[in-house]
Amino acid sequence: MKGGKQDSSEGTQGARGYMQDFYNRTYLERTGVPMDRAFQTLLWSLTVSMFPLGGLFGSLLVWPMVNNCGRKGTLLINNLFSIAAAILMGTSELAKTFEVIILSRVLMGIFAGLASNVVPMFLGEMSPKNLRGAVGVVPQLFITIGILAAQILGLHSILGNAQGWPVLLGLTGIPSLMQLLTLPFFPESPRYLLLQKGTEEQARRALQRLRGWQDVDEEIQEMYQEDSSEKEEGQFSVLSLFTFRGLRWQLISIIVMMAGQQLSGVNGVFYYADRIFESAGVHSSSIQYVTVSIGAINVVMTLLAVFIVESLGRRILLLAGFVLCSASCAVLTLALNLQSTVSWMSYLSIVCVIAYIIGHAIGPSPIPAVMITEMFLQSSRPAAFMVGGSVHWLSNFTVGLLFLYMEAGLGPYSFLIFCAICVTTLLYIFFIVPETKNKTFMEINRIMAKRNKVEVQEDKELKDSYALSRQEEKKCLSSSEM
């Protein structure tokens with residue numbers, strides 16, 4: 001559902017030199033003087049930073065849009081941002097304007113901010129509990145496939161050249177166009193239909209289509225239990241989410257996990273990767289192919305996470321992932337400092353990069369979004385995704401803004417900061433975050449209620465009245481048939 005939708009940054013990287021030449025050439029044609037280096041740096045910084053900034057804006061739209069337009073409706077509307085951005089970027093050279101590329105990066109960021117939150121929410125609400133983790137990891141799998149596709153298409157021999165870069169950027173609209181044409185044929189989230197729209201019959205039909213069988217009474221009953229336990233609080237806004245004691249540890253957990261995901265050094269590792277490969281003797285013209293192979297490893301490891309998340313659980317993958325990331329950052333610091341004196345250290349650096357990518361792909365990248373879906377109930381989930389998404393994109397923006405300064409001041413020791421963040425996140429998850437695999441939303445809510453020291457309203461009367469109403473409904477149906 002989200003494949004190729006966050007690959008615009010990878011596409012921009014593949015076309016970076018040619019885009020900067022376009023900026024310089026356009027400026028020279030307009031003014032008659034060459035662009036000075038400071039202004040060029042400013043323009044490129046804006047081009048890069050507008051994507052995560054747009055992602056933050058997109059995250060802030062999650063709560064109002066999913067509550068008013070539904071999960072499916074939000075995704076359909078969201079595609080328009082991506083398609084508009086792709087058209088603008090694809091025609092920018094023809095129109096001789098680099099400003100639209102910067103604007104398009106904001107639009108693409110808004111799109112990514114919405115999609116990265118709404119897709120896991122939509123899939124998590126539709127999935128049966130025994131497959132919720134695996135289905136929740138699938139969006140991240142398609143993101144890695146999209147990144148790999150952008151890396152391949154961005155090769156100099158394909159579209160990463162002077163003639164092909166506008167086409168490369170324009171291709172980002174194709175997955176959105178496909179979704180716009182196919183998503184209307186899929187059902188809306190049954191939980192949204194029942195708990196927020198109050199249309200049980202539509203929710204029942206949606207569940208029957210998704211499950212492939214008629215008897216969905218048990219899931220409908222579980223939804224009513226969830227609704228009953230939430231009735232006193234009503235729909236949560238972001239402000240009420242921060243002030244409600246019953247969700248305190250869930251909120252802290254998603255903030256820690258989403259910040260840890262982005263501040264753990266993933267951007268720094270990719271920034272250093274080309275330099276590490278070059279120091280190991282890889283020819284500069286071949287580095288792009290090594291980058292593609294790293295993208296392929298990312299896809300394979302995320303695919304592995306899809307298959308093992310339901311057997312090993314969320315906690316194990318998060319802990320194992322952050323252990324690998326923290327160890328890789330620590331050893332990478334040592335290897336980068338010694339590679340000028342010890343010849344084989346450059347090869348150890350490559351091992352660290354690969355180990356880091358494996359660690360991030362199995363846990364920190366895909367699992368936090370799954371945990372947001374599972375740790376919050378229907379009334380608080382949109383606000384929780386809005387907070388989690390905002391932390392994600394703010395952290396991404398912060399790393400993009402500060403890493404070059406960190407690298408200039410600290411050099412390879414920058415990775416010790418990332419190592420410390422990984423260890424801190426790891427310890428928090430170990431002591432606070434529960435295992436959620438194969439549990440209903442209500443069961444997870446009860447586990448967190450104990451940590452928050454609040455009581456969950458149990459409603460046995462609801463179960464009895466629901467069962468009675470279903471029996472009466474069946475009797476009426478049978479008598480009408482007679």
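Modeller: Happy to. What follows goes through the salt bridges, then the aromatic rings, and then the surface. Please keep in mind throughout that this is a predicted model.

Let us begin with charged side chains that meet. A search of the whole structure finds 12 salt bridges.

Glu226 is buried, as is Arg191.

Arg204 and Asp217 form a salt bridge, with 2.8 Å between the closest N and O atoms. Arg204 belongs to helix H11 (residues 200-211) and Asp217 to helix H12, and the two are 13 residues apart. How do we decide whether they are buried? Arg204 has a relative accessible area of 5%, so Arg204 counts as buried. Asp217 has 15%, and therefore Asp217 counts as buried as well. The cut-off behind both calls is that buried means under 20% relative accessible area.

Salt bridges can also join up into a network. In this model, Arg132, Glu310, Arg314 and Glu374 are linked in that way.

Now for the rings. The structure holds 11 aromatic pairs. Take Tyr27 and Phe39: their ring centres are 5.6 Å apart and their planes meet at 50°, so this pair is tilted. Tyr27 lies in helix H2 (residues 16-31) and Phe39 in helix H3 (residues 37-60), so the pair links distant parts of the chain, 12 residues apart. Tyr27 is partly exposed because its relative accessibility is 23%. Phe39, with a relative accessible area of 29%, is partly exposed too.

Compare that with Phe403 and Phe418. Their ring centres lie 5.9 Å apart and their planes are at 25°, so this pair is stacked. Phe403 is in helix H20 (residues 381-410) and Phe418 in helix H21, 15 residues apart, and again the pair links distant parts of the chain. Phe403 and Phe418 are both buried.

Ring pairs link Phe22, Tyr23, Trp44, Phe98 and Trp165 into a cluster.

Helix H20 has another residue to look at, Arg381. Arg381 is buried, with a relative accessible area of 0%. Its C-alpha atom is separated by 23 Å from that of Phe431, a residue 50 positions away along the chain.

Let us move to the surface. Leu410, Tyr413, Leu416 and Ile417 form a nonpolar patch there, with about 360 Å² of accessible area together. Leu416 is found in helix H21 (residues 414-432). Leu416 counts as partly exposed because its relative accessibility is 41%.

Which residues gather in the patch of positive charge on the surface? They are Arg245, Arg248, Arg451 and Lys453. Among them, Arg451 has its place in helix H22 (residues 441-452). At 35% relative accessibility, Arg451 counts as partly exposed. Lys453 is in the loop between H22 and helix H23 (460-481). With a relative accessible area of 63%, Lys453 is exposed.

Lys453 is also worth a look for its backbone. Its phi is near 60°, a positive value in a residue other than glycine. Asn438 likewise has a phi near 60°, a positive value in a residue that is not glycine. Asn438 is found in the loop between H21 and H22. Its relative accessible area is 44%, so Asn438 is partly exposed.

How values were computed
Residues are numbered from 1 along each chain as its sequence is written. This is a predicted model: local features need pLDDT of at least 70, side-chain atom pairs count only at pLDDT 80 or more; totals for chains, interfaces and linings use all residues. Side-chain values use heavy atoms; hydrogens and water are left out. Patches are made of residues with over 30% relative accessible area and no salt bridge: like charges are joined within 9 Å, nonpolar side chains (Val, Leu, Ile, Met, Phe, Trp, Tyr) within 5 Å. Accessible areas come from the Shrake-Rupley method with a 1.4 Å probe; for residues, only the protein chains shown count as cover. A salt bridge is a side-chain nitrogen of Lys or Arg within 4 Å of a carboxyl oxygen of Asp or Glu. Lys and Arg count as positive and Asp and Glu as negative; His and the chain ends are not counted. The place of a charge is taken as NZ of Lys, CZ of Arg, CG of Asp or CD of Glu. Helices (H or I, at least four residues) and strands (E, at least two) are DSSP runs, numbered from the N terminus. Buried means under 20% relative accessible area, exposed over 50%, partly exposed in between (1.4 Å probe, protein chains only). Rings of Phe, Tyr and Trp (its six-membered ring) pair if their centres lie within 6.5 Å; planes under 30 degrees apart count as stacked, over 60 as edge-to-face and the rest as tilted.
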